[in-house]
Structure formats: C-alpha cells, structure tokens
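The following exercises concern contacts within and between protein chains. Please examine the sequence and the structure before working through the solutions.

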Amino acid sequence: MPDLPLSTEAPLRVLIGSHSHPRVQNGGSEVASHALFERLEAEPGWSAHYLGCARGGAFQRAGRALTQPFAENDHLYTVGDFDVFKFANRDMAFPRDFRAMLRAVDPQIVHLHHYVNFGMETFFHVRETLPDARLVLTLHEFLAICHQQGQMVKRQTNALCFRADPVSCARCFPEVEPQDFFLRQLYVRHFLDHVDQVIAPSRFLAGRYAEWGVPEEKIAVIENVPRSNARPVTAPRATRPGRLVVGFFGQISQLKGIDVLLNAAELLQRDERTDIVFSIHGDHTNQPPAYQQQFLERIAQAGSTIAFHGAYDNQAVDGLMAAVDLVLVPSIWWENSPVVIQEAFRNGRPVLCSDIGGMAEKVQPGVTGAHFAVGNARALADALCDLAADPGEVARLGQQAAVRWDGQTAFDAHLALYRALLGGTRPARVLPETPHHPLPPSELAVAEPPPPPRAVPRFGIG
Amino acid sequence: MNGCVDIHGYSEATGSYLLCGWAPIETADGLPGFRPVSLGFEKGTASAEGLVAHTLRDDLGGQGRGVAIHLPGSDPALGRLLFVEIEAGDGPVRLDSTAGTEHTANRALLDRMRQQRVAPGMSGERLRAVLDRSGFEGRDTLDRLDGQVAFQIDEAVATGTTGLLLSGWMLSAPDAVRTVRLRSGGRSTKLAIDTAIRLDRADVLAKHGDRLRSRQVRCGFLLPAENCLEPGEPCFVEIETVHGDVGYHPVRLSAQHGLVAIRAALANLSPRYDEVASVFDRLGPTLTALNADRLAGKRDGREIRFGRAPAEPVCSVIVPLYGRLDYMEVQVALFAGNGFGDRHELIYVVDDPAAAGAATHLADTLFRRFGVPIRLWLQNDNLGFAPACNVGLSLAAGRTVCFLNSDVFGTAPDWLDRLVADLDRLPETGIVGPLLLFEDGSVQHQGMEYAPLPEFGGWLFPTHPGKGERPEALSGLVRARVITGACMVMTRELAESLGGFDEAFVIGDFEDSDLCLRARGLGVGCAVDHDVSLFHLERKSQITGAEPWRLNVTLYNAWLHQKRWGRRLAAEAGVRADA
C-alpha cells in the first residue's frame, strides 16, 4: 500500500473514466465524471487524467485504440467491437493500448463512471497492470442488472420492475434464453469483483445493487459532483401572481414521463386552468421516429399552456431555470440521481417528482418540493393545482432547496474516499435506507421455511 | 433324362436371366407359370421365382417341348452355367448346359429370345411382355401401371459403395403389385417393402388412398438395402404388377452425406414401445456404416496457438466447440487471473468449419484480454462430440485431461486443481467429476444411474438422480456408477488407454457412460467431488423436446449402448432393469 504523501510530495494520481466524453456527448454521467476530473485537476495535492469514449467518428486513428485529441491528460478511446449484452470488449487493440496508458499514467486511483464501451474486462486490466491501484466504480443506472437499458422497467409495458432474474428477464426479451441472462450476470459479476469501491449517487441505487449481489460494505452513497460549488448569479425569479410556470428539463422520452406531463396538461386545460403553464426543454431527435412524430403532434395540438423549446446546452440551464417556478421530474422509471434535481436546487427551484426511486429520495416533500403518484396524470394535475394555489409555498420550497444545495460535500467525500482507499481503509459503509417505492405483495409474503434435508443416497459401488 | 439349355445370358433391360432350351416331353406339361428356378454355376447357385413358358419347336420330334425362362435377379457372375433346375409339381426338372449352349447378353440376348415362338397362353403372354420391355430409359414410367400403384423414393442415402438406405412410400390397389426391385447395372435387388420399417404417411394416404382403394396409413417405409448399387450406373426401382406390367421410378442418390444424410434418413421415424428394438435391429447396422463412412479419414484440421501453454501442463482441458462460440468467451474469462494458464493448457476443438474464422478472431481477442494461452484446433469437418474430444486428446500434453463441455462454467478459481488433486489422492478413482448445477442452483448432475424406459424398448438409459432438486448436504468425494462427459477429469494415460470416447456413438450421447464402463475393465471407478461445483447450462431434454431425427439418433446410441452393456448392467446390484 503506498504511503500517503505529505504536502511537499508528488500529488496523488487519479484516472477518471467515462463511457462517453463531454466533447462527444453531453449526458448526465459524462458531465458528472468530467466535473470531478476538472475539480481534481484544480485541487492542490492531486493530479488527474481523464479517459472518455467515442463510438467511431472524427477522433479515430487507424491502428490505435486510445488517442489524445484534446490535451495531454485527456485520453479518448474510440470503441471497437463491443458486445452490449454482457459488456464484453472484443476490440483487439484496447487491452494493449489501455494497459500501456495505465503504465504511463500510473494512477493510484482508477475511478470509472461506467463499464459500457470499456467492457467489464477493464477492471481486470487495471488489476493485472497496476496491482496496487485502487479501483472505484460509480454506478449511473441499473445496466449491470437490467438489459432494458438499465431502467428496470418492463420492456413491453414500461411497468416498474422490482427484481431481475434470468427467467423474468427472458420474459422481457423472449429472443434471449434465460441461460444467457445467467451468463450475462456471471460475466458481469466476475469482473465487478475486482472493484474495490462502488459509489452509488443514491441510496435507492445502492439498495438495488446490494439486493443484486454487490457486497453492501463495498458501496458508498455519494452524490455526483457538480461542476463547481458556485451558485448562479441570477436572482431568484419573483413568482408572478396568478401563474405557475412548470419547467421540464431532460430527454423527451416516454421513460422521462413526457406523456404523463402532456396528459396532465390536457386535464388542466379541460379544467380551464390557463394559469398553469409548461415550459419543455429537451432533445426529442434521438427518439424512435414514430414517437417523435406523436410527440410533435401532441405539442402542435396543445393549447397555449404548453411551450416546447427544443434541446438545450447544459451550460445554459441556469438561465432557463430562472424563467420557471418549479422543475417537474415526472419519470416513469426509477431514476438514480437526476442531475436536473441538483440543478433545480442550485437555482433555488423546488422539484415536483414521481414518488419512486432515486428522484423521490432526493426531493423531500414539504421541504424541497413534492411527490405525486408515478405515472398518474390526475395526481400530477392535482399537485400542480395545490402549488398554484399557494405561491408563497412554492417560493419557500425553492429557498429551502437553495439552502440545502451544496456544491462541495460530494467532492470532499470523493477525496476522503480516495484517501481512505489509499490508506488501506474503507469509508464507513452506508446502508441503503428504506426504499422509496411500494413493494409488490409477493415481496412482503413470509418466505416458506426450507424443506428438511433428505437422506443421503450413495450411488453404486461402495 | 434331362433337357438342355440352348441360349442363356443376362439382360440389364429386363433385370433378369433369360434362357431358352427344351425339356423332356414327359416333364414339360407342368412347367409354365411362376416356378422356383435355380441356376447352377461353376461357383455357386442363383435361385429365385422365375417365369417359365413353352415355346413352339419343330425340331424336337415329339421328344420334348421348348421352354423359355425369365429369372429376375442380379447378374451372378459365378462362372460357367452348368444346369438349370425348375421346381414343378412332380419334382425338379433339369436342363443341362452343354458344349453347344450359347452364352450372350443384353440386346443380342433379347433379339435371340424374341426370335423364339412363344406358345399361346397366360405364361406366354407374360413372357412376351417381359421381352417387349424397352427397359429403363431414365424416366419415371409408373403411369404405365394403370393407376394401380403410387410410389416415391424421398431419400436414397448411399451406405458404403454399394449399399443404400431408402426412405419413401408406396400405396397400391389391393394385391396389385407382384414385385418391387431396385436395379442398378447388373444388380437387381428385391425390395421387401411389406417387411421394411413402416412409417405413417397420412399425407400420402390423403392424396392417393381413395383412388387406390387403400386405407394403409403406414405406407411409408425405411429400408436398408445392401449390395444393390453398381458404382457409376444409374439406379431405379422397377415395379411389376400381378398382370406383368412394369413401371420404372428413377432413384437419385441423395447429395447429402454425413450427419445431414443421417438426419434426413431419420426424419420421419417415430417408433415406440415394442417397435423400437425391431426397428433399430434392422436400421442399426446401416447407421453404424453411415457413421463410420462419415468419420472415415476425417481428422484433418490445423492448430493456431495463442500464447504459450506450459510445456508440461498439469491438465489439458479439452473443449469441443460447436454452435455457441460466445460460451468460450465466458469460460476463458472465468479462467482469467487465477494462474490457470501457468499450470494447465486449454484446447478448444472447433467442430464447426463454418465458425472457424469467428472462433479464431474470438480466441485472439480472448488471449489479448485475459492472457490465458489457447490452443485452437480448427477441424476441417464437423465430427460430433466424441471425435472432437478424441482430436483434443491427441493434442493434449497434460499429465491429466479434463473433458469439458462448452456450456459448463466454473466460478471457483481452483476447481480444476481440486479435481486433479482428487485423482492424485485416490488413484483407484479413475474418473472424477464435479457437482454440476443448473443456473438456478439446482442439481444438474451428481453422478449417473440407469433406468429402463418402456417407451424406448425398455433399454437402459443413463439418468441423473436428484436432477432439478436442491443439492443435498454432501461433501467430499462420493462414488458414482458412472459420470457425465460434460466435465470429467482423468489421467491422460487412462484416457489414451481407453482410446478416448467411442466414436460409434453419434453426435453426443451415451459415449460418456460407455467410457466409464470401459474404464471399469481397467480396474478404476468414477466419483463426484461434491465440494467442487460448476454450472452446466444443459440443453433442453433430448428425449421429450427434440426433433424426431435427433431423438432417433439418441435411440440409435441407446441401441448400441444396450447391445454392449444392457445385459451386464441389468445384472448389477441397484440397477432396475425391468421396464
């Protein structure tokens, strides 16, 4: 185990990995991983390298898996032959180039924000190449558990899924045998065993992974690191009397609950509630064509209470949030720790969200926002009516959210965790709290006692 | 006094021996009609039912009467003809071959026969019809049979150079068909359709039954025929009605061979209960020949080595690979990082020529990822489980060998070392296997027993006690009567002295049981180490869920196993032999 350096010694070296790269694509986890990298770079006593991924495209160099198109400490892996079912990376060049990079950078901490595009084998490469390095993995959804884009919702119905097992998973994917789901799990778990420390940005996510088999003592719950601990300079918007502006920020997709939003808006229009207006920000262009068309038709037919503004750059979110009274997160999947919730809090906006999973965990009803029954447009409409009726409450919730937002703790927790790992100790384990979702009746049933052991027959020749 | 043969010879057009001569007057009256006829040659006798007719002769002066004979059969090639004997009501009538007897064949023979003045009457008419036959001209002429017969050969698979396995169907009006023969060059082979393996063909009955006034649903047949093909000569079926009409049906040899041919031959067969033994007693030798043909000389391939396996491996793990290549990815991944490659060698036998490229690429990426050396053998032909294992054995350098199915996965890093240690500790245990579990943790295999299956002839089939149940609280090495070939470890010396798996078993059943039983002959037994468990994603049941041809392959293997071991196993304590 390497000694902890004194302030005069060489900085601690961390390699941060992400399954994408903010210069290639701007999703929640690549933003979070890059924010951590940038803050580490700026932190005295630490040095950081970043490794992002790209699928094909402008940064590819023939014969090389890893390149440095942006900076000396900013590496990019152009993904090759990748099996998205069990996250096996069959790229011939990756093991060689990745291991060479590891030896050159020689990080003491390797912290990956995903295994997609890298492959589960990446953990093995790190273990083999740098036996003393500590290996950290931040989880972002349930992909290791669930082949349905890691969302843990049923593929055919979008119904919530409570537990993955080979037979249930094969019901979602009839074209795949249960045995193959078993092998997927075997493969993924085999390599996850190499990880020293798992970080879950929500207790809910931690709980699901613990149920699935990641040892609880390996999981710490730490929120994603924001880009900076600075608050936006824009002053909180004075709520205009007689109008509630509801903001939606995120992918325009079914799982993000856009249909729940539109259905609630229709109900409110029917009730002639023109005082509740929706401001939708997000990209719809990567959705299936039929869904895009359906969404655009609904927007076109919607009355004046709905405005669709299209995709936005994450850097511009503060300005956009300044123009809404509250932020709506109506997802019909569990969510982990949506970045948009932290952004809303930072901007002093309360959050109204579905009452399940990671989002419900992050929003405290009556303190930083409110919950409504997942998928229930009527419940959402009612909740909005309640909030519209009490502008003072909306303002109060927003102020409390702003007070509770803190851009420093998560970063400090990461540093503490790295130090503890390098010091040979594990951070205090964080037990998942009671999950924020109703258990199906079968989960509550008392388990049958195991059958008594049978007599032991011995076969054949003695 | 005997008569005399004037002209004789073989005609390919009629598929028969044709003779003319004369018989003494006192014996001649009882000759016309269908009679048993024997031809006595220098090197043997050819006997069959022949057609005998009178011919009109002016040269015999009342001492005898002319006879002409049509004797269907193959050209016997038994040397010079010595005599002809015709069974008539009053005893045999003999015609001698003399120095003046003329021997000719084919067109010349037919011309000479047609010059004879055949006497009027039923037999004469029949003989004239035979001599007027144009012979097989490559076309199907069954329409000449006045709609009395519907017939088709679906598959004709060559067995060896002169044998055939025919599958097809025949439906005919009651008592319409006199004989069915398979003809090829000088060979004419009577096809005993009535006593062949019969198959239900409701489709044929639905199409032709009413027209032919037949209700015979078992109108399909499977018929092995030996020594019936003249290499290089066309082959056809000749159907003769009771009225002497003849139609031909060309037989095209199946382009299929090997497993595909076996598969086609077994596609429509579904014997059960008492039928099973009689079907396979007839079919078994043909399948044995087909399988031997399939494997003859086919061991060619090439090896690609990824990394350097140890020079003196403790164990050579031999995995035949067919179908799912990605299983190799999981297996090798599970060996990664535990020192496996330093102690043992890993031999994959790719038994799927079409997958060679993909397997090679995958093995290369696996070595780059995990550093586990792989010896990849690319077989030129698909051979099946036993031959693929044996090819692997021939490559193996290990002190011990582990035959491993590609769908068996070990998660404990030392599972192989522990099984090898069992062998070292208890040498009288010749073959050791692990506890095998399904993916849900229930038992797949903990040693095999035998049980008779009444629906399959009451033959003994290997069974898996405890299968599908939660594992029992057993530990350590437990003796087993026999164990599965899905994962078995033994010394290479033992494996080699057994000659590996017996390749007479087709595709992959029963050869593991057979190997364990043969090992007993060398004084060693089997055991399962219950402290070592692996997952086995066993294919779904072969017995109930399989396609008919696959089930029939299993039945063939069971037939072979039963012939070899049935009696001995039935006598063993603890084996319930009665169905």
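**Exercise 1: Two domains of chain B**

In this predicted model, the centres of domain 2 of chain B and domain 4 of chain B, taken over C-alpha atoms, are separated by 38 Å. Determine how many residues of each domain are in contact and what area is buried between domain 2 and domain 4 of chain B.

*Solution.*

Step 1. Locate the domains: in chain B, domain 2 covers 142-294 and domain 4 covers 399-579.

Step 2. Count the residues in contact: domain 2 of chain B contributes 19 residues, and domain 4 of chain B contributes 19 residues.

Step 3. State the area: about 1,600 Å² is buried between domain 2 and domain 4 of chain B, and carbon and sulfur atoms give 66% of it. Of the area that domain 2 of chain B buries against domain 4 of chain B, 31% is supplied by B:Arg263, B:Tyr273 and B:Phe280, more than by any other three residues.

**Exercise 2: Polar and charged pairs between these domains**

Identify which residues form the salt bridge between domain 2 and domain 4 of chain B, and state which helix gives the most to the side of domain 2 that touches domain 4.

*Solution.*

Step 1. Count the pairs: one salt bridge links domain 2 and domain 4 of chain B, and eight residue pairs are in polar contact.

Step 2. Name a salt-bridge pair: B:Arg263 is joined to B:Glu547, with 3.7 Å between the closest N and O atoms. This distance meets the criterion because the cut-off is 4 Å.

Step 3. Assign the elements: on the side of domain 2 of chain B that touches domain 4 of chain B, helix H5 (258-265) and helix H6 (274-295) of chain B each supply at least two residues. H6(B) gives the most, with 10 residues.

Step 4. Classify the residues: this side of domain 2 of chain B has 12 nonpolar, three polar and four charged residues.

**Exercise 3: The interface of chain A and chain B**

Describe the interface of chain A and chain B by its residues, buried area and salt bridges.

*Solution.*

Step 1. Count the residues: the contact involves 30 residues from chain A and 33 residues from chain B.

Step 2. State the area: about 3,000 Å² is buried between chain A and chain B, 63% of which carbon and sulfur atoms give.

Step 3. Count the pairs: four salt bridges are found between chain A and chain B, among them A:Glu121 with B:Arg369 at 2.6 Å, N to O. Seven residue pairs are in polar contact across the interface of chain A and chain B.

Step 4. Assign the elements: H5(A) provides the largest share of the side of chain A that touches chain B, eight residues. By class, that side of chain A comprises 14 nonpolar, five polar and 11 charged residues.

How values were computed:
Residues numbered from 1 in each chain as written. Chains lettered and ligands numbered in written order. Predicted model: local features only at pLDDT ≥ 70, side-chain atom pairs only at ≥ 80, totals over all residues. Heavy atoms only, no water. Domains from an automatic or database assignment. Contact = heavy atoms within 4.5 Å. Buried area = accessible area lost by both parts, 1.4 Å probe. Salt bridge = Lys/Arg side-chain N within 4 Å of Asp/Glu carboxyl O. Polar contact = N/O pair within 3.5 Å; in protein donor to acceptor, adjacent residues only side chain to side chain. Helix = DSSP H or I, 4+ residues; strand = E, 2+ residues; numbered from the N terminus. Nonpolar A, V, L, I, M, F, W, Y, C, P; charged D, E, K, R; others polar.
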